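Here are some exercises to work through with the model open beside you. Try each task before reading its solution.

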Amino acid sequence: MQGYRIDGKVKHKTIEKIGYLDELEKVYDDPIDYFKSVAEERNRSAPAETIEVAVNQRLTDNTSSRKNLGYAIPKRIYSLLAINTFLQNKQKHLSIEYNLNSIFSLLIYNRFLFPSSKKKAFDNRDCYQYRGCWIY
């Protein structure tokens, strides 16, 4: 098995199925130690993943590099109160094109962190990013 992360969630990938322990004990004296050494050897011979970062590259002027992750606590409370579930169930019975949960959550987070008008909350909606998803 190989473990890795995608969007913050731990995933596992089966590299090779080797069989059942009772069957392997008939072939190897100590199958656990043997396959641990095989796994270590494969890990040493596998190419290492690298991440390249362009340190001298400038951000474009129209991008917002400031993200507000301080709303994780109000988001958790919002989730524990099941407001998102309530709004999603309510929206099922309405014929509207917009997402009630996205609008309501934006207003709640903005009022919690930066009390201001609804228009200003909409204007500053790019400040909120959670797990790669934009809130608006």
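Predicted model: local features only at pLDDT ≥ 70, side-chain atom pairs only at ≥ 80, totals over all residues.

**Exercise 1.** Work out how many salt bridges the structure holds, and describe the one between arginine 44 and glutamate 41.

*Solution.* 
- Step 1: The count is three salt bridges.
- Step 2: In the bridge between arginine 44 and glutamate 41, N and O are 3.0 Å apart.
- Step 3: Arginine 44 and glutamate 41 are three residues apart in helix H2, a separation of about one helical turn.
- Step 4: Arginine 44 is exposed at 59% relative accessibility, and glutamate 41 is partly exposed at 43%.

**Exercise 2.** Explain which parts of the chain are tied together by the salt bridge of glutamate 16 with arginine 42.

*Solution.* 
- Step 1: The side chains of glutamate 16 and arginine 42 meet at 2.6 Å, N to O.
- Step 2: Glutamate 16 sits in the loop between strand E2 (9–13) and helix H1 (21–27), and arginine 42 sits in helix H2 (residues 31–45), so the bridge ties together parts that are 26 residues apart in sequence.
- Step 3: Glutamate 16 is partly exposed, with 44% relative accessibility. Arginine 42 is partly exposed too, at 41%.

**Exercise 3.** Describe how helices H4 and H5 cross, and classify the residues in their contact.

*Solution.* 
- Step 1: The axes of helix H4 (residues 83–92) and helix H5 (residues 100–113) come within 9 Å and cross at roughly 145°.
- Step 2: The crossing of H4 past H5 is right-handed.
- Step 3: H4 brings Ile83, Asn84, Leu87, Gln88 and Gln91 to the contact, where they meet Leu100, Asn101 and Phe104 of H5.
- Step 4: Sorted by class, this contact has four nonpolar residues, four polar residues and no charged ones.

**Exercise 4.** Which residues do ring pairs link into a cluster, and how is each pair arranged?

*Solution.* 
- Step 1: Among the five aromatic pairs is the one between tyrosine 28 and tyrosine 34, with ring centres 4.5 Å apart and 15° between the planes. Planes under 30 degrees apart count as stacked, so this pair is stacked.
- Step 2: Tyrosine 28 is partly exposed at 27% relative accessibility, and tyrosine 34 is partly exposed at 37%.
- Step 3: Tyrosine 34 also pairs with phenylalanine 35: their ring centres lie 4.9 Å apart and their planes stand at 80°, so the arrangement is edge-to-face.
- Step 4: Put together, the ring pairs link Tyr28, Tyr34 and Phe35 into a cluster.

Terms used
Residues numbered from 1 in each chain as written. Heavy atoms only, no water. Salt bridge = Lys/Arg side-chain N within 4 Å of Asp/Glu carboxyl O. Helix = DSSP H or I, 4+ residues; strand = E, 2+ residues; numbered from the N terminus. Buried < 20%, exposed > 50% of the residue type's maximum accessible area, 1.4 Å probe, protein only. Axes fitted to C-alpha atoms, helices over the stretch in contact; angles between N-to-C directions. Left-handed = near helix turned anticlockwise from the far one by under 90°. Contact = heavy atoms within 4.5 Å. Nonpolar A, V, L, I, M, F, W, Y, C, P; charged D, E, K, R; others polar. Phe/Tyr/Trp six-rings, centres within 6.5 Å; stacked < 30°, edge-to-face > 60°.
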